[in-house]
Amino acid sequence: MTAAQIAAAYSALEAHRIEISQRRIMDFFTEDSARFQRFQVQLDDLLFDYSKHMINDATLAHLLHLARVSGLEEARANLFSGARINSTEGRAAMHMALRNLTGRAFMVEGRNVMPDVLAARRKMLDFVASVRDGTIVGSSGAMFSDVVNIGIGGSDLGPAMAARALSTFGNAGIRTHFVSNVDSADLSETLSQIDPAQTLFIISSKTFTTQETMTNARTARRFMAQALGENSIGDHFVAVSTRLDLVQDFGIRADRIFGFWDWVGGRYSLWSSIGLALAIAIGPRHFEEFLQGGQEMDDHFESAPLQDNIPVLMGLLAIWYRNIWNYPAHAVIPYDHRLARFPAYLQQLDMESNGKSVTREGTKVHVATAPVIWGEPGTNGQHAFFQMLHQGTSIIPVDFLIAAKPVMADDHHHDLLIANCLAQSEALMRGRSLDEVKTLLVKTNMTEQEIEALAPHKTFEGNRPSSTILYRRLDPRTLGRLVALYEHRTFVQAAIWNINPFDQWGVELGKELCNRLAPIVADELATTQDLDGSTAGLIAWRRQIARS
Ligand code: F6P
């Protein structure tokens with residue numbers, strides 16, 4: 001692989017785009033009656049349909065060539081080998097070990113980490129079982145009815161998203177809550193819903209230093225000490241962290257500390273003890289099914305040839321639209337109400353991983369990286385932002401996610417949900433031309449002048465691309481496969497862009513400046529003279545209006 005080969009592969013893609021830019025996706029279907037069969041991949045019941053894209057066989061060949069010359073296969077092998085691919089933090093990224101159920105060895109720094117992983121998983125799942133069956137109870141002997149996870153970013157979004165997605169699989173009658181924001185409204189809303197005697201707090205923080213989490217944790221601790229007495233803390237608080245020393249200082253009992261390792265990135269940690277709140281919600285068996293789903297996707301990603309590999313194809317499509325068509329965003333629309341938090345989860349996964357401007361070597365990247373990832377569940381989005389997807393000036397590729405069967409719902413509703421999902425991807429692709437609109441309007445009693453005036457507004461360009469992921473139902477295994485699928489999709493893009501997807505230095509400057517500002521904000525008399533004019537002015541205005 002050389003820089004010249006990579007540049008040539010991008011140029012070939014650019015030339016190919018010009019060549020096919022006047023084509024319509026619909027024409028590809030007309031020319032090839034087997035297009036749907038040829039542009040799809042099945043992984044058991046999960047079907048990835050990528051036929052509604054602006055691609056043909058030549059596009060795929062060009063994209064696969066780019067993947068090969070960019071060293072995707074070597075990068076994938078490196079990932080699974082446990083090499084220190086997170087070079088700026090000197091760590092491996094071995095989250096796949098956390099969902100391994102096969103007994104296979106996963107090596108980090110020349111050491112098989114599976115014995116540690118299995119021991120940590122056993123400890124966590126034993127605890128989960130005891131909380132759920134009432135063997136472990138609160139300080140007054142009451143069973144836990146509520147679990148509050150305090151964490152942020154990767155220590156919140158994953159378990160919060162998954163607990164909501166799998167809410168119908170929790171049969172122990174335990175409610176889970178997730179508190180992340182340093183805005184006290186978040187914690188106080190949750191505290192107003194719980195009975196302290198029946199509440200277990202999980203302080204989830206890889207570093208155990210994150211400002212928001214530690215502030216919320218201290219406030220929750222004070223609240224519990226006030227409600228039940230200082231001696232109750234040991235029974236009502238547990239912690240999940242890699243910093244066991246700091247956790248002990250907080251006063252959490254040694255047997256209530258669940259560890260993990262620095263080779264697990266925050267946004268890849270849902271599979272570790274960070275999944276504790278999820279595991280309590282759905283139980284050990286379902287949690288293991290979730291892991292199994294993740295492992296199945298790992299096996300597929302590691303072994304399937306590039307052209308039949310779902311994360312690879314999804315990553316390459318993302319490259320095609322981001323770098324060759326210059327599309328700025330990507331929407332993920334689950335037609336699955338319980339996946340409501342999935343887009344927010346993906347925002348951290350994708351944008352914190354790939355929102356980078358320099359290569360692994362520290363030189364400027366010459367192509368655009370992470371697009372904006374966003375979404376909301378269908379059908380709600382249809383009545384909000386779909387107008388822009390259909391008729392806006394920016395083209396936004398979409399992933400539609402839908403289950404063949406509802407987990408627990410009315411079949412009539414679900415048929416309508418599926419019809420809506422398919423109708424949207426069809427409408428995006430098909431569009432409606434000006435002539436078609438006029439032909440329809442002629443059948444009404446409008447005048448010619450009225451038709452001319454209205455027709456442009458009712459015209460849809462169409463030719464807007466989307467993928468559809470159709471799975472049997474949203475159960476723990478399916479969710480595991482979806483999460484691992486998007487993790488690897490993110491990795492594929494990073495490998496092709498030659499960036500490190502496992503660090504996140506971009507969050508540091510804001511944290512540092514906040515630490516400098518916090519004492520100035522808290523002290524009315526503190527000087528603001530070293531601050532920029534806007535920041536100083538805003539602080540002065542805040543001081544003035546907060547007084548009145
Ligand atoms: O601020 C970004 C970040 O470091 C994320 O990468 C991480 O998931 C989150 O903060 C929370 O970190 P921690 O688990 O250490 O509290």
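Select E352 and R267 to begin: their side chains meet in a salt bridge with an N to O distance of 2.8 Å, a salt bridge being a side-chain nitrogen of Lys or Arg within 4 Å of a carboxyl oxygen of Asp or Glu. E352 belongs to helix α14 (residues 342-354), while R267 sits in the loop between β9 (257-259) and α12 (276-303), and the pair links distant parts of the chain, 85 residues apart. Helices (H or I, at least four residues) and strands (E, at least two) are DSSP runs, numbered from the N terminus. R267 is buried, with a relative accessible area of 4%, whereas E352 is partly exposed at 23%; buried means under 20% relative accessible area, exposed over 50%, and partly exposed in between (1.4 Å probe, protein chains only).

The model is predicted, so local features need pLDDT of at least 70 and side-chain atom pairs count only at pLDDT 80 or more, while totals for chains, interfaces and linings use all residues. Residues are numbered from 1 along each chain as its sequence is written, and side-chain values use heavy atoms, with hydrogens and water left out.

Next, select R175 and D146, which form a salt bridge with the closest N and O atoms 2.8 Å apart. R175 lies in strand β6 (residues 175-179) and D146 in strand β5 (residues 146-150), so this pair ties together parts that are 29 residues apart in sequence. Of the two partners, D146 is buried at 2% relative accessible area, and R175 is partly exposed at 41%.

From here, display the sheet to which these strands belong: five strands form an open sheet in the order β6-β5-β7-β8-β9, with parallel pairing, where two strands pair if DSSP finds at least two bridges between them. Because β6 and β9 stand at the edges, each with a single partner strand, one side of each is left without a neighbour in the sheet.

Within the sheet, select β5 and strand β7 (residues 199-204), which pair in the parallel sense over five bridges, and find N149 opposite I202 in β7.

Finally, select E31 and R23, whose salt bridge has its closest N and O atoms 2.2 Å apart. Here E31 is exposed, with a relative accessible area of 54%, and R23 is partly exposed at 26%.
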